[in-house]
Amino acid sequence: MALGVPAVPFTYVAHLLGIVAIVLVLFWNLHFRGGLAWNSDNKAQIFNLHPVLMLIGLIIIGGEAIISYKSLPLKKEVKKLIHLVLHAHALVLGIIGICAAFKNHNESGIANLYSLHSWLGIGVISLYGIQWIFGVCGIFLPWREFRVKT
């Protein structure tokens, strides 16, 4: 409450927007794009996993990791562990989402990494993974000595 504004209403709004986003993306992919599948003759179903997993992983679970660190009334070590695990889940879902896009492209005969979107996506997931590794090293390992001085 640094600004004198309670965080609870913002947390409720963030969760509500997340639920709405999940419902809309799932409805779009299930109703209008033919569903979701890892293996299918309809290659669009394979690609449909990409936006669903990216939204749930990087936006929803990654957002939960950020919110949980500041909002959970637990010991700092427990909050750090929850934060770490949620970000790990987000990273794994993001990687699976990228794999779904590559799988769709490879099975459909489409070139990989042909757009700015794909290159930015690879960059984002790479930086997310690097940040997670540095977070583990900087917070949880006993030999950590690199600290940000404030």
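Which residues does the UniProt annotation "transmembrane region" cover? The unreviewed entry lists 12-30, 50-69, 81-104 and 116-141; positions follow the numbering used here, feature names are shortened, and such annotations may be inferred rather than shown by experiment.

This is a predicted model, in which local features need pLDDT of at least 70, side-chain atom pairs count only at pLDDT 80 or more, and totals for chains, interfaces and linings use all residues. Residues are numbered from 1 along each chain as its sequence is written, and side-chain values use heavy atoms, with hydrogens and water left out.

**View 1. Two of the annotated stretches, 12-30 and 81-104.** Residues 12-30 come out as 100% helix and 0% strand, with 27 Å between the end C-alpha atoms. Residues 81-104 are also 100% helix and 0% strand, and here the end C-alpha atoms sit 35 Å apart. Helices (H or I, at least four residues) and strands (E, at least two) are DSSP runs, numbered from the N terminus.

**View 2. Asn29 in helix α1 (residues 8-32).** Asn29 has a relative accessible area of 0%, so it counts as buried (under 20%; exposed is over 50%, partly exposed in between, using a 1.4 Å probe and protein chains only). Skipping residues up to four places away in sequence, Asn29 touches Gly34, Gly35, Leu36, Asn48, Pro51 and Val52 (contact means heavy atoms within 4.5 Å).

**View 3. The largest nonpolar core.** Its 8 residues are Met54, Leu58, Ile61, Ala90, Leu91, Ile98, Ile125 and Tyr128. Helices α3 (49-71), α4 (76-108) and α5 (116-139) each give two or more residues to this core. A core here is a set of buried Ala, Val, Leu, Ile, Met, Phe, Trp, Tyr and Cys residues joined through side-chain atoms within 4.5 Å. Zoom in on Ile98 and you'll find His50, Met54, Gly121, Ile122 and Ile125 touching it, not counting residues up to four places away in sequence.

**View 4. Leu91 in helix α4.** Leu91 is buried, at 11% relative accessible area. Leaving aside neighbours within four places in sequence, Leu91 is in contact with Ile125, Tyr128, Gly129 and Trp132. Leu91 and Ile125 are 34 residues apart along the chain, yet their C-alpha atoms are separated by 7.3 Å.

**View 5. A nonpolar surface patch of Leu81, Val85, Ile139 and Phe140.** Together these residues have about 300 Å² of accessible area (Shrake-Rupley method, 1.4 Å probe; for residues, only the protein chains shown count as cover). Patch members have over 30% relative accessible area and no salt bridge, with nonpolar side chains (Val, Leu, Ile, Met, Phe, Trp, Tyr) joined within 5 Å and like charges within 9 Å; a salt bridge is a side-chain nitrogen of Lys or Arg within 4 Å of a carboxyl oxygen of Asp or Glu. Phe140 lies in the segment after α5 and, at 32% relative accessibility, counts as partly exposed.
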